[in-house]
Amino acid sequence: MMAIDDQKSTSDGKVWGFLKQTFRHSASGATTSYRTSHQTHPPVERTNPHTSASVSSVARSLLPTRRRLKLDPSNKLFFPYEPGKQVRSAIGIKNTSKSYVAFKFQTTAPKSCFMRPPGAILAPGESLIATVFKFVEVPENNEKPVDQKNNRVKFKIMSLKVKGQMDYVPELFDEQKDQVSIEQILRVVFLDPERPNAALEKLKRQLAEADAALEARKKPAEETGPKIIGEGLVIDEWKERRERYLAKQQVEGVDSV
């Protein structure tokens, strides 16, 4: 009887130990699966739309700006050094994008510099040569020209994509400030007019082309349209014909009397 009881207790202990071991394995497996599920599926955080928008705007600002204009020269404005005189420079501007683009000049010395035109709207592929005027200060005590590196006068060209052909107004850049791109900041470089060089010869060619384009715009329009006389005086062709007709009627009336 005692042997049977000992065998029974021994078998019960084995069964209980097996159950305890099985329970431990299942518990550890559940814990591992819980941890794994939380590692593979992190909690979803709610995002603020305003925060994401601001982050995207910052990311766009860090990206390199895509150029809409091609400039020639690319980053300088060459002027002949003639102290006490107003000198000119020129820069070619071409719209290399597939849309209409407005551009605008700005300078750190608006009292001694001005641009013609100060801004315009270019069609895709269109180009022009802008002229820049600058007064050259006379150095004190007949000193040498100001060191190019210390010249603080700079020019900035900005661009703005527009919907289509329209009249240029500077307010376009104020109304759409977030869409304005800085194309280039141009540094002033003086050239010795008595020493011919490649940059000076190129500047002369660009100025001659700009003057020719200006004269072409001043020429009278065709006979089918209004006449342009002088600096913008417009005379309507039909009005002129009417005046001649009335004058002729008055002369005929006097002759008949």
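The model is predicted, so local features are reported at pLDDT of at least 70 and side-chain atom pairs at pLDDT 80 or more, while totals for chains, interfaces and linings use all residues. Residues are numbered from 1 along each chain as its sequence is written, and side-chain values use heavy atoms, with hydrogens and water left out.

**Stop 1: helix H4**

Select residues 198–218, which make up H4. Helices here are DSSP runs of H or I with at least four residues, strands are runs of E with at least two, and both are numbered from the N terminus. H4 has 21 residues and reaches 31 Å from its first C-alpha to its last, close to the 30 Å expected; that expected span is 1.5 Å times one less than the number of residues.

Now colour Leu200, Leu203, Gln206, Leu207, Ala210 and Leu214, the buried residues of H4. (Buried is under 20% relative accessible area, exposed is over 50%, and partly exposed lies in between, with a 1.4 Å probe and protein chains only.) Look down the axis: these buried residues fall within an arc of 120°, so they line one face of the helix. The arc is taken from the directions from the helix axis to the C-beta atoms. An α-helix has 3.6 residues a turn, so residues three or four places apart point the same way.

Turn to the face away from the buried side and you will find exposed Ala198, Arg205 and Glu209. Next, show what covers the buried residues: the strands there include S2 (76–80) and S9 (181–191), with contact meaning heavy atoms within 4.5 Å.

**Stop 2: strands S2 and S9**

Select both strands. They pair in the parallel sense over 5 bridges, where pairing requires at least two DSSP bridges. Leu77 stands opposite Val188 in S9. In S2, 4 of its 5 residues are buried.

**Stop 3: the aromatic cluster**

Show Phe79, Tyr81 and Phe190, which form one aromatic cluster. Rings of Phe, Tyr and Trp (its six-membered ring) pair if their centres lie within 6.5 Å; planes under 30 degrees apart are stacked, over 60 edge-to-face, and the rest tilted.

Phe79 and Phe190 make a tilted pair, 6.5 Å centre to centre with 55° between the planes. This pair links S2 to S9, 111 residues apart. Both Phe79 and Phe190 are buried.

Tyr81 and Phe190 are edge-to-face, at 5.4 Å and 75°. Tyr81 lies in the loop between S2 and S3 and Phe190 in S9, so their pair ties together parts 109 residues apart in sequence. Tyr81 is also buried, at 15% relative accessible area.
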